[in-house]
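Good morning, everyone, and thank you for making time for this. Please have a look at what is on the screen, and then I will walk you through a few places in it.

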Amino acid sequence: MRFGVLCALFGALALASLAGPVVDAGATSVQGTLIQRENQKPVVETKDRKRITLEGDESTLHVLHDKRLAGVMLDAKGHFLAADRFQVEPFHTRALHVVKNGKRLAVTYWCDVCSIRSYEPGPCWCCQRETDLDLRELKE
Ligand SMILES: [Zn+2]
């Protein structure tokens with residue numbers, strides 16, 4: 001009985017792989033706790049305790065390495081490269097959000113002095129003062 005179920009499962013897998021490479025299975029998203037470790041790629045730990053390594057462009061990784069974001073509930077749009085590797089969509093698509101109290105918040109950085117908002121951590125491009133992390137509620 002059990003064997004039959006397994007056969008059916010393998011059959012389905014074989015069929016799926018026969019279908020050929022899927023160009024874009026469509027963007028999906030992962031949600032989990034952001035874990036940062038020295039000199040390593042950022043990881044999210046999902047609710048079912050799976051750890052998924054995040055890949056992304058320079059700006060995306062820059063944000064993901066911001067110490068102020070350690071331990072937040074992260075929501076990243078992109079697609080899986082493997083069961084434990086996830087490619088985040090390009091930074092300009094705003095693929096990264098923080099989830100707090102059931103709300104999706106945009107990750108932004110704010111300079112109080114110049115009233116300038118930016119989307120990556122670092123010094124304000126105007127006065128060079130370190131910008132503040134400012135998680136903003138999205139208007140939807
Ligand atoms: Zn400034």
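**Strands, a metal site and a helix**

Let me begin with strand S1 and strand S2 (residues 43–45), which run antiparallel and are joined by 3 bridges. Please keep in mind throughout that what you see is a predicted model.

Now let us move to the metal. Which residues coordinate the zinc ion? They are Cys111, Cys114, Cys124 and Cys127, each through its SG atom, at 2.2 to 2.4 Å. The angles among the 4 donor atoms run from 102 to 116 degrees, and the site of the zinc ion is tetrahedral. Along the chain, the donors follow the spacing C-x2-C-x9-C-x2-C. Cysteine 111 belongs to strand S7 (residues 103–111), whereas cysteine 124 sits in the loop between S8 and strand S9 (132–137), so this pair ties together parts that are 13 residues apart in sequence.

Are these cysteines buried or exposed? Cysteine 111 and cysteine 124 are both buried, and for cysteine 124 the reason is that its relative accessibility is 3%, where the limit for buried is under 20%. Cysteine 127, by contrast, counts as partly exposed because its relative accessibility is 32%.

Serine 118 is part of strand S8, which spans residues 116–118. This serine 118 counts as buried because its relative accessibility is 18%. Apart from its neighbours within four places in sequence, serine 118 is in contact with Thr108, Tyr109 and Thr131.

My last stop is threonine 60, which is found in helix H2, residues 58–64. Threonine 60 has a relative accessible area of 1%, and therefore it is buried. Its side chain is joined to that of aspartate 57 by a polar contact of 2.6 Å. If we again leave aside neighbours within four places in sequence, threonine 60 is in contact with Val88, Glu89, Phe91 and Leu96.

Conventions: Residues are numbered from 1 along each chain as its sequence is written. This is a predicted model: local features need pLDDT of at least 70, side-chain atom pairs count only at pLDDT 80 or more; totals for chains, interfaces and linings use all residues. Side-chain values use heavy atoms; hydrogens and water are left out. Helices (H or I, at least four residues) and strands (E, at least two) are DSSP runs, numbered from the N terminus. Buried means under 20% relative accessible area, exposed over 50%, partly exposed in between (1.4 Å probe, protein chains only). Contact means heavy atoms within 4.5 Å. Two strands pair if DSSP finds at least two bridges between them. Donors are N, O and S atoms within 2.8 Å of the metal (3.2 Å for Na, K and Ca); water is not among the atoms, so sites may look incomplete. Four donors count as tetrahedral if all angles lie between 85 and 135 degrees; four count as square planar and six as octahedral if opposite donors are over 155 degrees apart and all others between 65 and 115; anything else is irregular. A polar contact is a pair of N or O atoms within 3.5 Å; within protein, one must be able to donate a hydrogen and the other to accept it, and residues adjacent in sequence count only if both atoms are side-chain atoms.
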